[in-house]
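Dear colleague,

Please find the structure below, followed by a summary of what was found in it.

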Amino acid sequence: MNRRHFLKTAVASLASTSLPRFAMAKTGDGTFQLEAVKGKGRLYGDEGGLSDLWLFNGQLPGPEIRVKRGEWVKIRFKNSLEEPTSVHWHGIRINNAMDGVSGLTQPAVQPGETFDYEFVVPDAGTYWYHAHHMSWNQVPRGLAGPLIVEEDEQTFESDTDITLALSDWRLDDNGVLDTASFGAMHDFSHAGRLGNWLTINGQNMPEIPVQKGRWHRLRLINMSASRILDLAPSRFGAQLIGLDGQVFDSPREVDGTIQLAPAQRMDLIMRPEGDGPVPFETMTGQPYTFANFTISKEANNDDLLRLPKANALPEPDLENARSFPLVMAGGAMGRMQSATKNGQELSMRELAQAGDFWAFNGQAGMGEKPFFSAKRGETIILESTNDTAFPHAIHLHGHHFRVLERNGKKLENPDWRDTFTTQRGETVKIAFVTDNPGKWLIHCHMLGHAASGMMDWFEVA
Ligand code: C2O
Ligand code: CU
């Protein structure tokens, strides 16, 4: 599908669909039933063919799991795919055994098997869940869904609290998911699997109904395999109130654009005025509309804004921290000559033959020994250097960290995140408290990068 066709059709299908709601109900004993199944769907709209998808409960995206802060969440997961899988609860400071990382925190759930995930959600906010077994092959087929943890006190009513799951797909000339290119080495060694088609909550160019004069909360989740989205909230009158599930003390105006990398979330507030429709755009290259807000006729002008409160996260103690470098190397057009893999030094060519292109600190993929071991309650500083030709989105499991510095410059807002972006040549300094015992992954959330070397683990005793 070339870009012209892509644009023309996108415009032609404007205003054709409205946004589906997709909350999930618990069964009588308070358990959510989640099942990974094969399914079919039309990603391209009515004219496109049927794509082969892998779905949670047959839905795209997976059903929204909504729970309350502090709740004991029970999810009975059934794998009805023809291959093993597992489910990771991204961004939750979770009990390690429930983190869903096949091969590290649990064996993969085999076809036909069930696995009970049971955990407490300590923080309110916008999170998501996704397959974590061969994620590069499973997530971009549809195995992802939102996980929303509500505050103790309701701040937005349900009709003004809107989850927007953003996904980038690679479609072929028939508008069907291109499955032949899954695992393409070219994608792994470059920017990852990039698509040519965007959906919001599984729809292309949906209408998002909003109400004039009322405050809305928009929960954006980037579920794409590799696509970084550049968004400009001020262009649709929105302000930023939180990132990666953690809300700020006060709303912020965003000057220009802000990146939403794979796995990252962004919480916005907006109070629609005027008549609309108001386009929701990506600003990568030229502004490109991929949904429209439609504004109700009737206005409600005395709506009060009630903002959620920030979560209490453990504050890093920078004076008494241990620092580790995290040097990212490899990839096409990179300078890496060799790296160790399973304890052996391999040349770039040997690595490539084994399907590896990237390394953290000179090591491709997970080592037998952890990247570092920490005691419970220590402050760890990671000083990352992106010595590659591509951006990356680095995710730490089980913890949130503060982003302190970029390129040696202290940030005005050292925001809490669970996934940070790093551009070519950039250094980024983060800090966090290792307060959650277990074995935790650290990896690039460009899923092909993680599969080809950009992944390691650390241990908290
Ligand atoms: Cu969102 Cu290791 O993953
Ligand atoms: Cu990467």
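**Copper site**

In this predicted model, the copper ion (ligand 2) has His392 (ND1), Cys444 (SG) and His449 (ND1) as its protein donors, at 2.0 to 2.1 Å. Donors are N, O and S atoms within 2.8 Å of the metal (3.2 Å for Na, K and Ca), and sites may look incomplete because water is not among the atoms. Along the chain, the donors of this ion follow the spacing H-x51-C-x4-H. His392 in strand β27 (residues 392-396) and His449 in helix α5 (residues 447-451) are 57 residues apart, and the pair links distant parts of the chain. Helices (H or I, at least four residues) and strands (E, at least two) are DSSP runs, numbered from the N terminus. Both His392 and His449 are buried, that is, under 20% relative accessible area with a 1.4 Å probe, protein chains only.

**Sheet**

Four strands form an open sheet in the order β4-β9-β8-β6, with mixed pairing; two strands pair if DSSP finds at least two bridges between them. Because β4 (65-68) and β6 (87-90) are at the edges with a single partner strand each, one side of each has no neighbour in the sheet. β4 pairs with β9 (residues 144-150) in the parallel sense over 4 bridges, and Lys68 stands opposite Glu150 in β9.

**Thr160**

Thr160 lies in the loop between β9 and β10 (161-169) and counts as buried, at 2% relative accessibility.

**Conventions**

Residues are numbered from 1 along each chain as its sequence is written, while chains are lettered from A and ligands numbered from 1 in the order in which they are written. Local features need pLDDT of at least 70, side-chain atom pairs count only at pLDDT 80 or more, and totals for chains, interfaces and linings use all residues, while side-chain values use heavy atoms, leaving out hydrogens and water.

Yours sincerely

Key: Buried means under 20% relative accessible area, exposed over 50%, partly exposed in between (1.4 Å probe, protein chains only).
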